[in-house]
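Reader: I would like to learn how to read a model like this one. Please take me through it feature by feature.

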Amino acid sequence: MPKILTPEQRETSRLRRRQRETERQRCARAADPDRYRLVAKASRDRHRPELRARKKQRWAHDPEYRRKQQARRARWLQHLRQEVFLAYGGPICRCCGEEHEELLCLDHIEGGGNAHRREIGQASLPQWLKAHGFPPGFRVLCFNCNNVWAQRGYCPHEVELDDVVERMVI
Ligand SMILES: [Zn+2]
Ligand SMILES: [Zn+2]
């Protein structure tokens with residue numbers, strides 16, 4: 001004779017079943033993370049247009065979501081910048097030794113920075129560098145030094161440095 005459950009018992013048993021299923025999925029994911037990443041990516045690819053539409057909708061109507069996404073993007077960009085600076089000798093201006101990260105940028109050593117930036121899009125230089133395996137031809141400078149190098153082809157710091165070297169030789 002089948003056992004008759006009260007509604008509360010049915011609910012408890014439903015919750016337990018769900019917990020067991022969640023736990024089973026968690027274990028399976030832990031056992032083979034790569035496979036689950038692939039499955040998740042395939043699913044995202046399949047539903048990409050809907051996902052994009054939903055995100056657009058939320059972005060337009062949900063200020064909280066907008067704030068979170070903006071913060072997330074800022075964190076991502078911050079990490080990316082740190083990674084790129086490290087790849088080019090650390091977060092320090094090659095010219096004057098400025099170490100405040102907020103004041104640093106990447107310099108195209110041979111010039112042509114604006115044309116290159118136009119070619120790849122303003123915000124994506126760090127992204128481009130990472131995707132291309134941090135090619136040579138770039139260095140870390142502060143905005144001041146970067147500017148004066150671009151405008152005049154030298155920086156007073158370099159001249160000072162030469163003076164120092166000359167004085168040392170004499
Ligand atoms: Zn500098
Ligand atoms: Zn300088």
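This is a predicted model: local features need pLDDT of at least 70, side-chain atom pairs count only at pLDDT 80 or more; totals for chains, interfaces and linings use all residues.

Reader: How many helices and strands does the chain have?

Author: Start with the definition: helices (H or I, at least four residues) and strands (E, at least two) are DSSP runs, numbered from the N terminus. Here the chain has eight helices and two strands. Their order along the sequence is α-α-α-α-β-α-α-β-α-α.

Reader: What share of the residues is buried?

Author: Count C-beta atoms, placed from the backbone: a residue is buried if 20 or more others lie within 10 Å of its own, exposed if 12 or fewer, and partly exposed in between. In this chain, 8% of the 170 residues count as buried.

Reader: Which residues make up the largest nonpolar core?

Author: In soluble globular proteins, nonpolar side chains tend to be buried together. A nonpolar core is a set of buried Ala, Val, Leu, Ile, Met, Phe, Trp, Tyr and Cys residues joined through C-beta atoms within 7 Å. The largest one here has nine residues: Cys93, Cys95, Leu104, Val140, Leu141, Cys142, Cys145, Trp149 and Cys155. Strand 2 (138-142) and helix 7 (143-152) supply at least two residues each. Strand 2 gives the largest share, three residues.

Reader: Which residues does Cys142 touch?

Author: Contact means C-beta atoms, placed from the backbone, within 7 Å. Leaving out residues up to four places away in sequence, Cys142 touches Cys93, Cys96, Glu98, Leu103 and Leu104. For the whole chain, take contacts with a separation of 6 or more: 66% of them join residues 24 or more positions apart.

Reader: What span should helix 2 have?

Author: The expected span is 1.5 Å times one less than the number of residues. Helix 2 (residues 33-46) has 14 residues and should span 20 Å, and its end C-alpha atoms are 20 Å apart, which agrees. Helix 3 also has 14 residues; it reaches 20 Å, close to the 20 Å expected.

Reader: How many residues are buried in these helices?

Author: In helix 2 the count is zero. In helix 3 the count is zero too. Helix 5 (residues 113-120) has zero buried among its eight residues, so it lies largely in the open.

Reader: Is His47 exposed or buried?

Author: His47 is exposed, with 11 other C-beta atoms within 10 Å. It sits in the loop between helix 2 and helix 3. Now compare Arg58, in helix 3 (residues 48-61). Arg58 has 14 such atoms within 10 Å and is partly exposed. From Arg58 to Gly97, 39 residues along the chain, the C-alpha separation is 44 Å.

Reader: What phi does Phe134 have?

Author: Most residues other than glycine have a negative phi. Phe134 has a positive value, near 50°. Its place is the loop between helix 6 and strand 2. Phe134 is partly exposed, with 13 C-beta neighbours inside 10 Å.

Methods
Residues are numbered from 1 along each chain as its sequence is written. Chains are lettered from A and ligands numbered from 1 in the order in which they are written. Two residues are in contact if their C-beta atoms, placed from the backbone, lie within 7 Å.
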